[in-house]
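Please keep the sequence and the 3D view at hand while reading.

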Amino acid sequence: MRVVFIGTGEIGAPTLEALMKSGEHQLVGVATQPDKPVGRDQRIKSPPIKRALTGSNTSILQPARIRDRQAIEDIRALQPDAIVVMAYGQILPRGVLDIPRIACLNLHASLLPRWRGAAPIQAAIAAGDSETGITIIYMDEGLDTGDILLQRTIDILPTDTGGSLHDRLAQIAQGALLEALRMLAEGRAPRIPQDNAIATNAPKLTRDDGKIDWAAPAEIIERKIRAFNPWPGAFALVTEKSDRTLRLKLFDARIVEGKGRPGEILRADNQGLVVGTGKNALSLGHVQLEGKWRMSASDFVRGHTRSLGRKLK
């Protein structure tokens, strides 16, 4: 089949590469977000999907808005049998959904209808789910509401972070897509409606969503720290004796026995940094103070004993 791939995020790059190498289908074009300035120096950077095409002569489209008439006509001109979407970042209009001869498919990083939305990986870890996966759906104009073609499931490990689970899902997505396209080509692809009654939502996250609520039980906080690593990052607030408040980014933590007020520093020494929660306590593993390097919690304590105070906020 003639296939157009639409995507932006890193999670879709292995699937795009597998599609190019498969030899089963013809990749006739790729649509991704425009290059944009990134970081403190604001250097212009291409999205991961475009970088994955380095050395390829595949046609690349980078419309600012995919619903613009010219963008729709450019995709239509590629005459795709199927459009494949993964982590694009814009909602496709009906004008694009109607272009492919056979189907417009979306690869979503959850077991739909659980965790529809922009942050399904973080949501699954934070909620304590035991498994997740990749769902391939026929796209409609709703947010991850289309009929299911197939699903692939993996376990969520007790040590998984948002980053590690992202990478494992990116790997299983490759085979899932090739199987889905094979089923479509052979006319044996099912359409299974989603049960909207059991749907849950995973909305887009911002950096401020990473603030820790120390009144929550330690197990809830520990999962959030893992889920939000690396994006958007879990953090607490440290108020120095100068009354300056800084963010302390948290990368990992371990549940320990302890009793104290939420956020109270129960121990701060060479053995580490233990903080009270709503139930039990957390021993912080690696942290990063705003404007500083990432380091172990014990190293952080040695360098900031005087300014640490008695409580994290």
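Predicted model: local features only at pLDDT ≥ 70, side-chain atom pairs only at ≥ 80, totals over all residues.

In which loop does Gln-79 lie?

## Backbone features in the loops

Gln-79 lies in the loop between α3, which covers residues 69-76, and β6. Its phi is near 50 degrees, a positive value in a residue other than glycine. As background, most residues other than glycine have a negative phi, and most peptide bonds are trans. Gln-79 counts as exposed because its relative accessibility is 56%, and the cut-off for exposed is over 50%. Ala-87 also has a positive phi, of about 50 degrees, although it is not a glycine. This residue lies in the loop between β6 and α4 (94-97), and Ala-87 is partly exposed, with a relative accessible area of 36%.

The loop between α7 and β10 holds Pro-230, and Pro-232 is found in the loop between α7 and β10 as well. The peptide bond that leads from Asn-229 to Pro-230 is cis, with omega near 15 degrees. The bond from Trp-231 to Pro-232 is likewise cis, and here omega is near 0 degrees.

## Two open sheets

Strand β14, residues 272-276, pairs with β15 in the antiparallel sense over 4 bridges, and Leu-273 has Leu-284 as its bridge partner in β15.

## An enclosed helix and a buried asparagine

How many of the 10 residues of helix α7 are buried? The count is 8 of the 10 in this helix, which spans residues 218-227, so α7 is largely enclosed by the rest of the structure. The buried residues of α7 are Ala-218, Ile-221, Glu-222, Arg-223, Lys-224, Ile-225, Arg-226 and Ala-227. What covers them includes the helices α5 and α6, together with the strands β10, β11, β12 (253-256) and β15 (281-284).

Asn-106, which is found in strand β7, is buried as well, since its relative accessible area is 8% and the cut-off for buried is under 20%. If residues up to four places away in sequence are not counted, Asn-106 touches Val-85, Met-86, Thr-135, Ile-136, Ile-137, Met-139 and Asp-144.

The largest pocket has a volume of about 1,700 Å³. It is lined by 49 residues, of which Gly-9, Ala-87, Tyr-88, Gly-89 and Ala-118 are the closest to its centre. The elements that each supply at least two residues of this lining are β3 (36-38), α2 (48-51), β6 (82-86), β7 (103-108), α5 (120-126) and α6 (162-185). Sorted by class, the lining of the largest pocket has 25 nonpolar, 17 polar and 7 charged residues.

The second largest pocket holds about 450 Å³ of space. Of the 15 residues that line it, Arg-207, Lys-249, Gln-288, Glu-290 and Gly-291 are the closest to its centre. Strands β10 (234-239), β11 (245-250) and β16 (286-289) each supply at least two residues of the lining of the second largest pocket. That lining divides into 6 nonpolar, 3 polar and 6 charged residues.

Key
Residues numbered from 1 in each chain as written. Heavy atoms only, no water. 1 Å grid on protein atoms, 1.4 Å probe; cavity = no way out; pocket = protein on both sides within 12 Å on 5 of 7 lines; lining within 4 Å. Points joined across faces, edges and corners; volume = space filled by probe spheres on them. Nonpolar A, V, L, I, M, F, W, Y, C, P; charged D, E, K, R; others polar. Buried < 20%, exposed > 50% of the residue type's maximum accessible area, 1.4 Å probe, protein only. Contact = heavy atoms within 4.5 Å. Pairing = 2+ DSSP bridges.
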